[in-house]
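Here's a quick briefing to read with the model open beside you. Have a look at the fold first, then work through the points.

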Amino acid sequence: MKPFIETAWVPEKGLATVALHNTYGVFVGCANCHDDDMDMCNDKTGLQIAMHRATIKYYRNRRDDIKSRLAGLNQLFYSMKHSKNFNPTSYENKMLQRQIRNLKDDLATIKEMIAVEEQTMREYISEKDKFYKKIRKNRNKNIELDKNN
């Protein structure tokens, strides 16, 4: 399956939805515009936040898959280790240890990717909030100036 992204925007409700389709499944992220921000509601911001959320769901799915694979290999190693015929220097054990190490590295990487994506989304929302407050403040100044003139 060729990966693709599907987006939807409902301006009346301030609802943005992004669906990531790939070989691992469909991962949907949604973003609702807060009632206080309806004056600044737009599709670009909503779809960006929804994309972050869908990406995080995808990463979490991959993380869970890696965890289950790692648990299986660890169980295999545990069973092998307790065998009376276990040879720690055997080719099989070395390959198993390499696969376990690779999955542990992959797990650490995916956890870092999740943390980075979550932090990026928080910063994006925070910066948008600051920007919107600044615009509203300038708007209010202009309204006051118009009233005085």
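This is a predicted model: local features need pLDDT of at least 70, side-chain atom pairs count only at pLDDT 80 or more; totals for chains, interfaces and linings use all residues.

Residues are numbered from 1 along each chain as its sequence is written, and side-chain values use heavy atoms, with hydrogens and water left out.

**Overall fold**
- You'll find two helices and three strands in the chain, running β-β-β-α-α along the sequence.
- Helices here are DSSP runs of H or I with at least four residues, strands are runs of E with at least two, and both are numbered from the N terminus.
- With a radius of gyration of 24 Å, well over the 15 Å that the globule rule gives for 149 residues, the chain is more spread out than a compact globule. That radius is taken over C-alpha atoms, and the rule is 2.2 Å times the number of residues to the power 0.38.
- Along the principal axes, the C-alpha atoms fill a box of roughly 95 × 30 × 20 Å.

**The largest pocket**
- Its volume is about 330 Å³, meaning the space filled by probe spheres set on grid points that are joined across faces, edges and corners.
- A pocket is an open set of points on a 1 Å grid over the protein atoms alone, where a 1.4 Å probe fits, with protein on both sides within 12 Å along at least five of seven lines; lining residues have an atom within 4 Å of a point.
- Of the 19 lining residues, Asn32, Cys33, Asp37, Thr45 and Ile49 are the closest to the centre.
- Strand 3 (25-32), helix 1 (43-81) and helix 2 (91-148) each give the lining at least two residues.

**Threonine 17**
- Threonine 17 sits in strand 2 (residues 15-22) and is partly exposed, at 22% relative accessible area.
- Beyond four places in sequence, threonine 17 has contacts (heavy atoms within 4.5 Å) that include Val28, Gly29, Leu47 and Ala50.
- Its C-alpha atom is 9.1 Å from that of isoleucine 49, 32 residues away along the chain.

**Asparagine 93**
- Asparagine 93 belongs to helix 2 and is buried, with a relative accessible area of 5%.

Notes:
Buried means under 20% relative accessible area, exposed over 50%, partly exposed in between (1.4 Å probe, protein chains only).
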